[in-house]
Amino acid sequence: MNTQTKNSLLLLLCSLIWGTAFVAQSAGSGMGAYSFLAGRSWLAVLVLIPTVLVFDAIRRKNGTDAKPKTAAEKKKLLAAGFVCGTLLFAASAAQQIGITINPSTAKAGFLTAMYVVLVPVFGLFLGRKGSAQLWISMVVAVLGLYLLCMKNGFGSIESSDWLLLSCAVLFSFQIIAVDHFSPQVDGVRLSLAEFLVVSVESTAAALLFETPSAAQFAENALPILYCGIMSSGVAYTLQILGQRDLNPAIASLIMCLESVFSALGGWMLLHQNLSAREVFGCVLIFAAVVLAQLPLEMLHRVKKAS
C-alpha cells in the first residue's frame, strides 16, 4: 500500500470518527451542554498530553525539537491557545446546545460543515481573493439550507438551526485563527492548549449555568468517553498523520465525508429519518462544501500549461 492510499484511509477513518461523534453528542444530549463539553474536553487533554510526548520523542529521533524555548515563544503559544481555545469553546458549546434542543445528527453534521464554505468568504475581509467558484458554492449552500431548515418558508428556521449556523460561523473564525497561529507554534501543543482552555471555560460555564452531578456523568459516560478519547484525541492524531504528504485538496474532500457519516450514523444507530426535501437539502450543502474545496483554478492552470 503506497503512502497516498494509506494516508487517505487514515483521513477516512478520522472523518468516520468525527461523523459518528455527532451520534455520541446526540446520545449525551440528556445532560447539560456545558457539562458534556467539559467532560469530553478534560478527557481530550488527558489523551493529548501523551500525544505531545510521543511526537516529541519522534522529533528527537529525527534531530528536531518543537518545544518553545524562549519566553516570547511560550507567550505566543499561550496567546494562540487562549484565542483559538476560546473560539473552539464558543463553537463547540453552540453545537452541543443545538444538538440538545434538536438531536438530529444529520442537521448538526451538515450545518456544521458550512464552515468550509464560510472560511473563504470571511477570508475576503482579510484581503484574500474571491472567485466565481466561491460564490456559486454560497448560492448552492443557501438553497440547501432553505430546503433543510425552512420547511414553511423564511422565518420558520428553528432556534437549534440558528445555533448550529452560529457554530459554523464560530468554527470558521477558529479555523482562521489556527491558520494564523499554526505557522508560529507547534501544532500538537496548540491543540493541547486549545482543549485546556475549552476545559476550563466549559467547566466554569457548567458551574455557573448548570448543576452537574456525578450521576449525570456516569449516565452519559459512553458518549463522553467516545467524544473525548476518539473524537478529540484519536481523530486529531489521525488527521495529523493522514495529512502528511497528501494533497491538501484531496485531504479536504475526504474530511467533507464527516457530514455524510453523521447522517448515516443517526439513521443506523439512532433510527433518525429525514424527509426527501431535507435529504436534498443535505445533498446540496454537501455539494457546496465539496465545490468550495475543489482545486479548479489549479487544474485549469495545469491544463493551460499542458
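Which members of the largest nonpolar core touch the most other members? In this predicted model, where local features need pLDDT of at least 70 and side-chain atom pairs count only at pLDDT 80 or more, while totals for chains, interfaces and linings use all residues, the answer is Leu111, Met114, Leu145, Leu148, Cys149, Ile285 and Val289, out of 29 residues. Residues are numbered from 1 along each chain as its sequence is written, and side-chain values use heavy atoms, with hydrogens and water left out. A nonpolar core here is a set of buried Ala, Val, Leu, Ile, Met, Phe, Trp, Tyr and Cys residues joined through side-chain atoms within 4.5 Å. Buried means under 20% relative accessible area, exposed means over 50%, and partly exposed is what lies in between (1.4 Å probe, protein chains only).

Helix 4, helix 5 (115–123), helix 6 (132–149), helix 7 (159–181) and helix 13 each put at least two residues into this core. Helices here are DSSP runs (H or I, at least four residues), numbered from the N terminus. Take valine 289: setting aside neighbours within four places in sequence, valine 289 is in contact (heavy atoms within 4.5 Å) with Ala113, Val116, Val117 and Cys256. There is also a second, separate core of 21 residues, including Phe89, Ala93, Cys167 and Tyr236.

Helix 5 is mostly covered, with seven of its nine residues buried. Those seven are Val116, Val117, Leu118, Val119, Val121, Phe122 and Gly123. Helix 6, helix 7 and helix 13 are among the things that cover them.

Helix 13 also holds phenylalanine 286, which counts as partly exposed at 22% relative accessibility. Leaving out neighbours within four places in sequence, phenylalanine 286 is in contact with Phe110, Cys256, Leu257, Ser259 and Val260.

Helix 12 (257–269) is one of the elements that give two or more residues to the lining, and helix 12 gives the most, with five.

Most residues other than glycine have a negative phi. Histidine 271 is exposed, with a relative accessible area of 63%.

Alanine 235, in helix 10 (residues 221–242), is buried, at 0% relative accessible area. Not counting residues up to four places away in sequence, alanine 235 touches Cys14, Ile17, Trp18 and Met230. Alanine 235 and leucine 11 are 224 residues apart in sequence but 8.5 Å apart in space, C-alpha to C-alpha.

As for confidence, pLDDT is the predictor's confidence in each residue, from 0 to 100. The chain has a mean of 84, and 91% of its residues reach 70 or more. Among its elements, helix 8 (residues 187–209) has the highest mean pLDDT (93) and helix 14 (residues 296–305) the lowest (58).
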